[in-house]
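This report describes how two chains meet in a model and how each chain is laid out. The sequence and structure come first.

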Amino acid sequence: MKLINVSLLLKRQLKEHYQLYLLGSVALFGLLSLLFLLVHQWRDSFAGAVQNGVFLIGLFLSGGIFTATMFQEFSVPAKGIWLLGIPATAAEKVIAAIFLSGFAFLVVYLSIFYLADWLFVWLTYKEYSTTPLNLFRNGFYWLIFTYFLFNGIILLGSVYFYKLSFIKTLLALLLVLISLNYLNNFLMMVISGIENINSSTPLSGFQFEHQGENVYVTLPESLDNLSNFFVRFVLPVVFWGITWLRFREKEI
Amino acid sequence: MKQSNIALLLLALVLTAGMVTTGFILKKEAAKIDLNDPLRNYETSNIPAFKVLKISGSNGYPIDIQQDSSTSLTVLRRRKSFLKTKRLGDTLEIIFSGANIPLEQAEKNTTPAGIIIKTNSVAKITNQNTFVRIMHFQKTNLDLELTGQAVANISNCQFPVLNIRAAEQSRFNFDGKNMAENFNLNLQNATVGFLKNIHFSALKHQVGDSAVVVLSNQTLTQLFNRQGQMSAQPTE
């Protein structure tokens, strides 16, 4: 793998799409401002950490759409062949896509978000003492690693499906999440022998009803940390790795 | 079969094995919970006695402070990671982070307590931005300091001396039957104090800026004794 090839791939992507990216950035700022306007207008219905909510909606929506465009050439066979024909290895192409849609996107997103957030704070500080979103408060920044996992899944979907890859990936993800939830609930019921489990999170914990109250069962702290490490750090790399495998198979 | 499909299959197997392993660990954890215990969703730890309690954080979950013979800290198991404690001499500092709810809703919060603190030695409580419920304090003096968007609810307490200093947007109220022999109030900025369900022999007050004191009929009657003398005096 040559870094110069990765850098050339990035330059090509930016040169070909910079107008779209600029327009997209303006649209993203507009979307975030609109969301802030909505939560401010109906602030009684949107109590709590509204800035965190707007941050996540914007990140996953725009990040998902942007990531899905990384290998959009595969949706047209002729363009797909052209993409495969670019003189760079599959690893270089996948790494360029991860860098652009994962890391570079995140930097741009944070800049645009804080611009919109600053506007929101400026307009509402006097009346509501609003302060800018602090990513480090309550460990909120850990959710950014969930974005990397989401990025890995969308990238994988874009090399698995030819047409409408983003929609198909989202539907597949939804199906997997629903199945995982039911499977995990079933497994927890069978293994623990507790029948009235009403909710569970895979690799984390479950809750069951007892005399009208939910009782929570969670992993011991050290194991919970291990589980979080797997989801936040290992899983994104695994999905990026499978994306590379799938891309390489397309070359054959 | 393609390598990518094999990798996806392996990932599915690892996830399933992980869920099964987690299931067995959680079974052991579930067995440790005493379902007859009213605090079954909480974890309790005994802590050394303290005189000053400094609380800050969010108002999403109420923090109960109760008088008891022993000193302990009980935390809602699922909020454990949001709790940080520091010890500085006879001061216990508690930072209980989380999402905030609007000030008007915080007072009506029916969420179960996030933390329950039991103490027999506290003399001063400072609260910044959280919602504390002070309960069942008997025959002990208390100095209460509220800042930011702090909310304090005092219920069924008897204080020889109760000092409340409130600043910024903080507010406090009383529930049940409360008694303060000497009640000293200092309200500044945009604070609100609801004087209802509180009996006192003497009230000294200092109310500045746009602070508000809301009086119930019963409290208003207390302020004017039968001889028509004021039992409340502004402090210098």
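## Size of the interface

In this predicted model, chain A and chain B bury about 3,300 Å² between them, and carbon and sulfur atoms give 67% of that area. The size of an interface is often given as the accessible area lost when the parts come together. The contact involves 44 residues of chain A and 36 residues of chain B.

## Polar links across the interface

The count of salt bridges between chain A and chain B is one. Its partners are Arg40(B) and Glu213(A), whose closest N and O atoms lie 2.7 Å apart. Polar contacts across the interface of chain A and chain B number 12 residue pairs, with both residues at pLDDT 80 or more.

## The chain A side

Which elements of chain A give two or more residues to the side that touches chain B? They are helix 5 (143-160), helix 6 (165-192), strand 2 (205-210), strand 3 (213-218) and helix 7 (221-251). Helix 7 of chain A gives the most, with 11 residues.

By residue class, the side of chain A that touches chain B holds 26 nonpolar, 11 polar and seven charged residues.

## Layout of chain A

Chain A has seven helices and three strands. Read from the N terminus, its elements follow the order α-α-α-α-α-α-β-β-β-α. The C-alpha trace of chain A spans about 65 × 55 × 30 Å along its principal axes.

## Annotated transmembrane regions of chain A

An unreviewed UniProt entry lists "transmembrane region" for residues 20-42, 54-74, 94-120, 140-162, 169-194 and 229-247 of chain A. Two of these ranges can be set against the model. Residues 54-74 of chain A are 71% helix and 0% strand, with the end C-alpha atoms 32 Å apart. Residues 169-194 of chain A are 92% helix and 0% strand, and here 34 Å separates the end C-alpha atoms.

## Domains of chain B

How is chain B divided by the domain assignment? The assignment gives domain 1 (1-32) and domain 2 (42-234). Taken over C-alpha atoms, the centres of domain 1 and domain 2 of chain B are 48 Å apart.

## Summary

On the chain A side, helix 7 gives the most residues.

Notes. Residues numbered from 1 in each chain as written. Chains lettered and ligands numbered in written order. Predicted model: local features only at pLDDT ≥ 70, side-chain atom pairs only at ≥ 80, totals over all residues. Heavy atoms only, no water. Contact = heavy atoms within 4.5 Å. Buried area = accessible area lost by both parts, 1.4 Å probe. Salt bridge = Lys/Arg side-chain N within 4 Å of Asp/Glu carboxyl O. Polar contact = N/O pair within 3.5 Å; in protein donor to acceptor, adjacent residues only side chain to side chain. Helix = DSSP H or I, 4+ residues; strand = E, 2+ residues; numbered from the N terminus. Nonpolar A, V, L, I, M, F, W, Y, C, P; charged D, E, K, R; others polar. UniProt positions renumbered as here; feature names shortened; annotations may be inferred. Domains from an automatic or database assignment.
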